[in-house]
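Please read them beside the sequence and the coordinates.

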Amino acid sequence: MTHTSTSPNYQILASLDIGRRQVVLEGYELIQKQVNFAMTLRERITQHPLLNKYFRFLNTGDLIPNEYRSSGIDSYFESEQRWADMETCWKNDEFVVDPSRLTLYIGLTGIDGDTFKHDHLMTQYGIQINKTSCNTVLFMTNIGTTRSAVAYLIEVLVKIARGIDQQHEDQNPNAQQAHKNKIQSLTKQLPPLPHFSRFHPFFRREGTTPEGDIRQAYFMAYNEAQCCYVTLLELKNKINRGEVLVSAMFVIPYPPGFPILVPGQVISREIVLFMEALDTREIHGYKPEQGFKVFTRAALGEEAYLDAEKIIQLHYHPHSATEHEERAIAIAV
């Protein structure tokens, strides 16, 4: 009955009871050890002469803009104040950073986050991490973190840093310049996050919300006859010609982990440039072999897809415009 019943899982219920009991008896001690290990890791990276050459952990001031930190505190932990600043931040700031999570900045290594995660930490040393960005990786401590795990991670980072030093010494001038260019791209030439463009007028008709009817667009996309696929290169060329293309899907790259396109949204040139600059392997809603799923001309009306040159011609020769084209001019204006 324990393994075949459709009732709530007894193993999970028992685990919850044991976990609750552990929190009551040992919770403060376990969390204190966890945070201490996180602070130890930060301290070791900061003080190590080789590691601080390539790595640093981002602090609160790096991760949260000033307008969301009324306390003005850049670092939660200070040797003299200890955790007093943390309590102030929890009370006053709109956003705070969990001190048990450590964001390691790796831009100076010349290695992007995805490569650092897969080719170095996971493949070579068996260290599993979850999230990365183009120039950071995220380490998360927990109540199971041990002193030996912290020591092993520091040892691995030292080996990676030494490997970078050795590789740099063995490189010819052209390879060294290429490495410098890579560092420049990871530290200075970062792709700006694109702003939301706009909803297409088809999804802002009378009776919908001012922001756009995303629900209508979402369910329209289930009808494959109303959608088609365009590759990233085709999309770029079409937008450069002045065509209007409307996303039929949520497109969510990890990182950063939030949609850069939603159903019904017009795809802008800035969004295309951001997609080209991404180095992540995980993009929900986008398949390179198929491309972007967009609504067809018939689904939105032909007037939605007049290019800029056509609109200009019709603007100066309105007598030749059809009824659909007249509406296209009105939309463009």
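1. Which residue just after helix 9 takes a positive phi? Glycine 242 does, at about 95 degrees. Helices (H or I, at least four residues) and strands (E, at least two) are DSSP runs, numbered from the N terminus.

2. On provenance: this is a predicted model, in which local features need pLDDT of at least 70 and side-chain atom pairs count only at pLDDT 80 or more, while totals for chains, interfaces and linings use all residues. Residues are numbered from 1 along each chain as its sequence is written, and side-chain values use heavy atoms, with hydrogens and water left out.

3. Helix 9 spans residues 232-240, and its buried residues are Leu232, Leu235 and Ile239. Buried here means under 20% relative accessible area, exposed means over 50%, and partly exposed lies in between (1.4 Å probe, protein chains only). These three sit on the same side of helix 9 because they cover an arc of only 60 degrees around the axis; the arc is that of the directions from the helix axis to the C-beta atoms. Their packing partners are strand 4 (227-230), helix 10 (269-277) and strand 7 (292-295), with contact taken as heavy atoms within 4.5 Å.

4. No disulfides turn up in a search of the whole structure; the criterion is a pair of cysteine sulfur atoms within 2.5 Å. For cysteine 227, the closest cysteine sulfur is in cysteine 228, at 7.6 Å, so the two are too far apart for a bond. Cysteine 227 is buried, with a relative accessible area of 9%, whereas cysteine 134 counts as partly exposed at 22%.

5. Helix 6 (residues 147-170) has 24 residues. From first C-alpha to last it reaches 35 Å, close to the 34 Å expected at 1.5 Å a residue, where the expected span is 1.5 Å times one less than the number of residues. Its buried residues include Val150, Leu153, Ile154 and Ile164. Among the elements that the buried residues of helix 6 pack against are helix 1 (10-47), strand 3 (136-140) and helix 7 (173-187).

6. Helix 5 and helix 6 pack at an angle of about 120 degrees, with axes 12 Å apart. Axes are lines fitted to C-alpha atoms, for helices over the stretch in contact, and angles run from 0 to 180 degrees between N-to-C directions. Phe116, His120, Leu121 and Tyr125 in helix 5 meet Tyr152, Val156, Leu157, Lys159 and Ile160 in helix 6.

7. Proline 99 lies in the loop between helix 4 (84-92) and strand 2, and is buried at 13% relative accessibility.
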